[in-house]
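Visitor: I am new to this structure. Please take me through its aromatic rings, with a close look at one part.

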Amino acid sequence: MTDPASLPERLRLRVVALVSAVLPSVAPVPPALRKIAGFAPARRARLGGSAIWTALADDDFRHHAAVQVAALPVADDDALEAAARAWLSRDDGWEAVVADASAALSGDEARDDQDRAELGRLTAQVAALQAELGTLRSQHREELDRAKADHKVLRQRLGEARSVLRSAQEERDAAYAERDEAVAAARTATAAAEADVRRLRSQLDEAEAAVAAGRRDTRTERDAASIRARLLLDAVVESATGLRRELGLPAVVGAPGDAVEAGLAGVESAPTSSAPATAASLEQLLSLPRARLLVDGYNVTKAAWPTASLEAQRSRLVAALGPVVARSGAETTVVFDAAESSARTVMPAPRGVRVVFSPEGVIADDVIRQLVAAEPRGRVVVVVSDDQAVVRDVARAGARAVPTASLLGVLA
């Protein structure tokens, strides 16, 4: 039993399963197994079983693996696992333990062969019975089809006779009905014509009266409509002037044709942002109706608290945003990057603050771009980030990019 090739298959698989369970703990791991060590235990045994078994030919690796396997819990009354542990550790008497387990497995394999042979015989009998049953069903189906065909012919003949009789009765009834309908239609047409003449005369009188009244009212309504339109126009102009004065909007820089001219000259025009540069201006912007605030989480926290852990950074930022949202009422979402992690942390957030982790394989910058693209043009959307690629993309989408320093000033 010292030859690995002489071990029964089940015992060899149990040895591989034990070693795969402790493979990351074995030091040093052979170069051929370093990639396999990063797999889950079940996947290690399934995909790397051959490589693990080949590596066990090295006595040093087998000895290190046996030390780690010895720390695993021992299953009670499991002779197969005991033999696998004995083969790995090679303690005194291990050959007898392995030999007993191999003999027991050989007996089990012989019984399995007998069971498989019996199963094959029974399967053949079932197949023969199924074939016989299929023949009987086919014969019965043919007889049933013949009976159905005869029944169909009889029903068809009976139907034809009934159809002839029904047609004759319907023709008689139709003749009587046509006579009655013709008499009734003539009477109805005469009464309807008389009613139409009376209705048309009444409508003609009403139309003439309406035309005369419309001519009198048209001039008065036109004058009133002009006054209302002028009042509405004045109200809109005064409202726009007051709103611009209250917000202190800066003058527009550039012209719509700048991007086209820059493209023709071979120079990419960088989108500009009308975002405020101070904490006070950011506060004023967030207080606008239906304002939307998107925060690039780690971009802000790593600038504010670079020495703190990521969990502490997240907690401090989300907690600090609570008072800002309470004051401004802005709809706020903080996006944290979790592209390289399959786990998503559930963390409490103040009312009005939503915390989002990017899906696996997707960076937070792309999530922010998706959120900006989902908003309608014209809504006040503020993105806090120092990432120039994010700033450029969200500005093109109509959002206002704000540096992290402005938000930190508001939080302070």
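Are Tyr298 and Phe336 buried or exposed?

Guide: Both Tyr298 and Phe336 are buried; buried means under 20% relative accessible area, exposed over 50%, and partly exposed in between, with a 1.4 Å probe and protein chains only. A word on the basis. This is a predicted model, where local features need pLDDT of at least 70, side-chain atom pairs count only at pLDDT 80 or more, and totals for chains, interfaces and linings use all residues. Residues are numbered from 1 along each chain as its sequence is written, and side-chain values use heavy atoms, leaving out hydrogens and water.

Now the rings. Rings of Phe, Tyr and Trp (its six-membered ring) pair if their centres lie within 6.5 Å; planes under 30 degrees apart count as stacked, over 60 as edge-to-face and the rest as tilted. By this rule there are 3 aromatic pairs. In one of them, the rings of Trp53 and Trp87 have centres 5.3 Å apart and planes at 20°, so they are stacked. Trp53 is in helix 4 (residues 49-55) and Trp87 in helix 6 (residues 79-89), 34 residues apart. Helices here are DSSP runs (H or I, at least four residues), as are strands (E, at least two), numbered from the N terminus. Trp53 and Trp87 are both buried.

Back to your part. The ring centres of Tyr298 and Phe336 lie 5.0 Å apart with planes at 55°, so this pair is tilted. Tyr298 belongs to helix 10 (residues 297-304) and Phe336 to strand 2 (residues 331-336), so the pair ties together parts 38 residues apart in sequence. Together with Phe357, Tyr298 and Phe336 form one aromatic cluster.
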